[in-house]
Amino acid sequence: SGDNSGRRLPPVVGRGKEMAMLRILIATILLMLSCSLAHAATCTVQVGDLDFGAVDAIGNSAAISTSDVDINCTGVTPGATEVTVCANLGAGSGGESGGVRQSTASGGSLGFALYATSGTGSPWGSASAPDLGDPRKITVPVTGDKASGTVTLHGIVPAGQSAVPVGTYQSQFSSNDALFMYSENDFDCSGSGDGNAFASFTVSASITANCLLETS
């Protein structure tokens with residue numbers, strides 16, 4: 001034992017203040033991160049089945065049908081004004097031939113095409129299948145912390161498929177064949193967004209027995 005009155009104590013008070021400030025800074029950063037994650041948009045997509053009905057394969061006119069694509073997002077970050085969705089539609093379960101999607105039945109296949117607008121000016125394809133067309137870029141407006149919108153999927157069965165056998169034709173779309181990438185910010189559809197949503201739908205048509213009579 002001895003007299004310690006002449007020794008200096010370490011500056012624990014100043015060091016304590018530094019540690020307290022560091023703890024406050026870390027807590028603030030964690031709070032900001034948790035708020036950001038809590039408000040990241042989550043989107044779901046529903047696509048209605050595309051039914052061409054009875055198709056006249058030996059006629060001279062194409063069969064046309066449409067369905068709705070419904071997009072709904074929740075938890076949008078405050079201040080965001082839109083959610084960008086890159087809609088990728090692949091070949092479907094029937095595959096594709098020469099850039100034309102195929103629906104299948106026992107003994108045959110029926111070609112069809114998907115478009116973002118009426119007519120044939122804007123093929124709706126996928127970044128993973130560019131021969132079918134480009135993904136469709138959709139801007140969904142935000143209200144509060146939600147965003148929702150509906151766009152139309154256009155389908156055409158081209159004329160001139162008279163060799164297609166009678167039957168009921170289908171092609172299933174799911175997983176990466178109906179991939180919707182989304183982000184609260186604008187982004188390039190050749191890249192990836194902040195999240196992915198998947199949809200499932202069926203394209204169907206029926207070919208019935210028919211005859212075409214021509215006279216002169």
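Lys137 is partly exposed, its relative accessible area being 44%. The model in which this residue is described is a predicted one. A search of the whole structure finds two salt bridges, and in one of them the side chain of Lys137 meets that of Asp186, with a distance of 2.8 Å from N to O. Because Lys137 belongs to strand 8 (residues 136-143) whereas Asp186 is found in the loop between strand 11 and strand 12, this pair ties together parts that are 49 residues apart in sequence. Asp186 has a relative accessible area of 55% and is therefore exposed, the cut-off for that class being over 50%. A salt bridge is also formed by Asp145 and Lys146, whose closest N and O atoms are 3.5 Å apart; Asp145, at 37% relative accessibility, is counted as partly exposed. In general terms, side chains of opposite charge can pair when their charged atoms come close.

The search for disulfides, likewise carried out over the whole structure, finds two, and when the bonded cysteines are counted along the chain their pattern is 1-2, 3-4. In the disulfide of Cys43 and Cys73, the sulfur atoms are 2.0 Å apart, and since the torsion about the S-S bond is about 105 degrees, this disulfide is right-handed. Cys43 lies in strand 1 (residues 42-47) and Cys73 in strand 3 (residues 63-74), so that parts 30 residues apart in sequence are tied together by the pair. Both cysteines fall under the 20% limit for a buried residue, because the relative accessible area is 5% for Cys43 and 2% for Cys73.

The disulfide between Cys86 and Cys189 has its sulfur atoms 1.9 Å apart, and with -80 degrees about the S-S bond this link is left-handed. Here the pair ties together parts that are 103 residues apart in sequence, because Cys86 lies in strand 4 (residues 82-89) and Cys189 in the loop between strand 11 (178-183) and strand 12 (195-198). Cys86 and Cys189 are both buried. Cys211, by contrast, is exposed, with a relative accessible area of 67%.

When neighbours within four places in sequence are left aside, the contacts of Phe52 are with Ala63, Ile64, Ser65, Phe112, Gly155, Ile156, Val157, Val203, Ser204 and Ala205.

Strand 11 and strand 12 pair in the antiparallel sense, with four bridges between them. The covered face of strand 12 is given by Gly195 and Ala197, whereas its uncovered face is given by Asn196 and Phe198. As a general rule, the side chains of a regular strand alternate between the two faces of the sheet.

Note on methods. Residues are numbered from 1 along each chain as its sequence is written. This is a predicted model: local features need pLDDT of at least 70, side-chain atom pairs count only at pLDDT 80 or more; totals for chains, interfaces and linings use all residues. Side-chain values use heavy atoms; hydrogens and water are left out. Contact means heavy atoms within 4.5 Å. A disulfide is a pair of cysteine sulfur atoms within 2.5 Å. Helices (H or I, at least four residues) and strands (E, at least two) are DSSP runs, numbered from the N terminus. Buried means under 20% relative accessible area, exposed over 50%, partly exposed in between (1.4 Å probe, protein chains only). Two strands pair if DSSP finds at least two bridges between them. A salt bridge is a side-chain nitrogen of Lys or Arg within 4 Å of a carboxyl oxygen of Asp or Glu.
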